[in-house]
Amino acid sequence: IQELQKRLNVIRGRVDALKKNCEDYKLGMDNCDKLVVEMENATNVLFNFNIWLNERTKTRLEGITNEALSLIFPDKTMKFHVTPNQTKKGVSYELSIETDGVMTDLLDAKGGGVLDVIQVCLRLTYILRLKNVTRQLVLFDEPFKNLDSERVGSAVEWLVRTADMFGIQLFIITHIPAMIIPGEHIRTYEIKLKNGVSHLETGYR
């Protein structure tokens, strides 16, 4: 009887230990459930913030581009559109240009000057999105090379004014005289080749 009593006590001890383990496991599962809920909430906040940030970027890009198009091409009625498309992999964006009511995918657009302007606007908008991350400086190499001479002056004036408004520093390389305009904060340098050696001169003649 004593031997049976000992065995019974051992069994009871094991049962108590199993009960304790089950309680610990249940508590751990409850904590995991709470953590999952917290992570889901945090993910939703980040996702919604990303949507908001992308919408702000979209609105800014459309605003900057449409202002540029109206000033540089006053004889045309053009509007730039950014259209988000929700896919299984996330959100993609289609860029299109509307000319006199006719919508054209940007990849099918044939006007090189228009594409130059939109490309400049894309770069300005991108650097603005990184305003607190990277220095606000953009290097352009012949940014308006496909614009006719009558529109280049308006394009440069718009670019300089926009950069000044947003606090962006520009570094422009060009061979087009119409790209060079005077200004209080504008510095112009000319590189000349003399006897096979490049010389940097201040100012433009």
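Lys58 is buried, and so is Glu62. Here buried means under 20% relative accessible area, exposed means over 50%, and partly exposed lies in between (1.4 Å probe, protein chains only). The model is predicted: local features need pLDDT of at least 70 and side-chain atom pairs count only at pLDDT 80 or more, while totals for chains, interfaces and linings use all residues. Residues are numbered from 1 along each chain as its sequence is written, and side-chain values use heavy atoms, with hydrogens and water left out.

The side chains of these two residues, Lys58 and Glu62, form a salt bridge, with N and O at 3.3 Å. A salt bridge is a side-chain nitrogen of Lys or Arg within 4 Å of a carboxyl oxygen of Asp or Glu. Both Lys58 and Glu62 belong to helix α1, residues 2-72. Four residues separate them, about one turn of the helix. Helices (H or I, at least four residues) and strands (E, at least two) are DSSP runs, numbered from the N terminus. Across the whole structure, the search returns four salt bridges.

Another salt bridge joins Asp75 to Arg151, and the closest N and O atoms are 2.9 Å apart. This pair links distant parts of the chain. Asp75 sits in the loop between α1 and β1 (78-87), and Arg151 sits in helix α3 (residues 149-166).

Asp148 counts as partly exposed because its relative accessibility is 37%. In general terms, side chains of opposite charge can pair when their charged atoms come close.

Residues up to four places away in sequence set aside, Arg151 touches Ile72, Phe73, Pro74, Asp75 and Lys76. Contact means heavy atoms within 4.5 Å.

Helix α3 itself contains 18 residues. At 1.5 Å a residue, these should span 26 Å, and the end C-alpha atoms are 26 Å apart, so the two values agree. The expected span is 1.5 Å times one less than the number of residues. Buried positions in α3 are Arg151, Val152, Ala155, Val156, Trp158, Leu159, Thr162 and Ala163. Gly167 follows α3 and has a positive phi, near 75°.

The strands come next. Three of them form an open sheet in the order β1-β2-β3, with antiparallel pairing. Strands β1 and β3 (102-105) are the edges, each pairing on one side only. On average, neighbouring strands of the sheet are turned by 35° against each other, direction ignored. Axes are lines fitted to C-alpha atoms, for helices over the stretch in contact, and angles run from 0 to 180 degrees between N-to-C directions. Two strands pair if DSSP finds at least two bridges between them.

Ten bridges join β1 to β2. The two strands form a hairpin with two residues between them. Thr87 has Gly90 in β2 as its bridge partner. Four bridges connect β2 (residues 90-99) to β3, again in antiparallel fashion. Glu98 stands opposite Met103 in β3, and Ile97 stands opposite Thr104. A hairpin with two residues between the strands is also formed by β2 and β3. Asp100, in that turn, has a positive phi of about 50°.

Asn85 illustrates the side-chain setting in strand β1. Its relative accessible area is 25%, so Asn85 is partly exposed. Apart from neighbours within four places in sequence, Asn85 is in contact with Gly90, Val91, Ser92 and Glu94. The side chains of Asn85 and Glu94 make a polar contact at 3.0 Å. Asn85 and Ile72 are 13 residues apart in sequence, yet their C-alpha atoms are 30 Å apart in space.

How values were computed:
Polar contact = N/O pair within 3.5 Å; in protein donor to acceptor, adjacent residues only side chain to side chain.
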